[in-house]
Amino acid sequence: MTGTMESYRLTYFNKRGGGEIIRLVFVVTSQTFEDERLTSEEWLKRKEEMPMKSLPVLHVKREDKETTFCQSGAIAKYLAKKFDEGLLVDEVYDCVGDVRKSLVQIHFCKDETTKADLQKKLISEVLPNFCQYFQRRKASFGEGGYIVGGKISLADLAVFNMVDSCLEMGLKSLWQPYPELLKHRELIMENEKLSDWLKTRPVTEV
Ligand SMILES: N[C@@H](CCC(=O)N[C@@H](CS)C(=O)NCC(=O)O)C(=O)O
């Protein structure tokens, strides 16, 4: 815990789903929180304001400033650790995990019609949404091109690894509409320790 007083509002649906693990952490740590439960109608009105257009989200209020974080795993980890620099890094990590899941699903899909539908969703929804998220988080919390703070973190490595793996697999066209992600990849590749590793790591399948 950093010492700054915080208050919490958890927004999720009126079910257990991905929100319950967070509620359980609040309960076992005896932390008070507002348990905001949206109906489907309320969700449709509020969806656009959410970082990744998904729930759960945790609104963290420090003094007068409120920040909204997504990703159930990241939020749960944060509340368990009470270590605030970790939350944003874990959030980016899990957002990358969602995009990777879509990519893997497409990669292994055997049915051509389903595959075409998944690809359409990836191009029109998943990637633009992620890129917008990436740019906003970098603008709000990053410095010098990094996503969180002014130095390389697990958040940068997670984004880099996903984009880089796609390029290695010949999927460059996926990322061409997002030069900021390609630029971020270049920045990460310039890291001294990493650039040595990238040159010398075993050549394997992605
Ligand atoms: N990996 C994310 C998944 C978020 C997610 O898919 N949330 C679903 C509910 S469990 C959602 O927001 N669905 C509503 C929608 O997409 O409109 C997390 O763990 O928070």
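From the N terminus on, I read the elements as β-α-β-α-β-β-α-α-α-α-α-α-α. That makes nine helices and four strands, taken as DSSP runs numbered from the N terminus (helices H or I, at least four residues; strands E, at least two). The radius of gyration is 18 Å, close to the 17 Å of the globule rule for 206 residues, so the protein is as compact as a globular protein of that length. The radius is taken over C-alpha atoms, and the rule is 2.2 Å times the number of residues to the power 0.38.

I noted that this is a predicted model: local features need pLDDT of at least 70, side-chain atom pairs count only at pLDDT 80 or more, and totals for chains, interfaces and linings use all residues. Residues are numbered from 1 along each chain as its sequence is written.

**Overall**

I looked up the extents next. The C-alpha trace spans about 50 × 45 × 25 Å along its principal axes. Buried residues make up 22% of the 206. Buried means 20 or more other C-beta atoms within 10 Å of a residue's own, exposed means 12 or fewer, and partly exposed is in between, with C-beta atoms placed from the backbone. Of the contacts with a separation of 6 or more, 53% come from residues 24 or more positions apart. A contact needs two C-beta atoms, placed from the backbone, within 7 Å.

**Sheet**

I checked the partners of β1 (residues 6-13). Six bridges join β1 to β3 (residues 57-62), and the two run antiparallel. T11 stands opposite V57 in β3. Five bridges join β1 to β2 (residues 34-38), this time parallel. R9 stands opposite E34 in β2. Pairing requires at least two DSSP bridges between two strands.

Most residues other than glycine have a negative phi, and most peptide bonds are trans. I found exceptions. The L55 to P56 bond is cis, with omega near 10°. P56 lies in the loop between α2 (40-46) and β3. K53 lies in the loop between α2 and β3. K53 has a positive phi, near 55°. K53 counts as partly exposed because it has 14 C-beta neighbours inside 10 Å. E63, in the loop between β3 and β4 (65-70), has a positive phi of about 50°. E63 has 9 C-beta neighbours inside 10 Å, so it counts as exposed.

**Ligand shell**

I listed the residues around the ligand: G17, G18, K47, S54, L55, P56, C70, Q71, S72, G73, D94 and D98. A residue is near if its C-beta atom, placed from the backbone, lies within 6 Å. The elements giving two or more residues are α3 (72-81) and α4 (84-108). By class, I get three nonpolar, six polar and three charged residues. Ala, Val, Leu, Ile, Met, Phe, Trp, Tyr, Cys and Pro count as nonpolar, Asp, Glu, Lys and Arg as charged, and the others, Gly among them, as polar.

In α8 (residues 179-189), I find L181, H184, R185 and I188 buried. They cover an arc of only 105° around the axis, which puts them on the same side of α8. The arc is that of the directions from the helix axis to the C-beta atoms. P179, K183 and E186 are exposed on the other side. The cover over the buried residues includes α5 (112-141), α6 (154-168), α7 (172-175) and α9 (192-200).

L194 sits in α9. Beyond its neighbours within four places in sequence, L194 contacts I188 and M189. L194 is partly exposed, with 16 other C-beta atoms within 10 Å.
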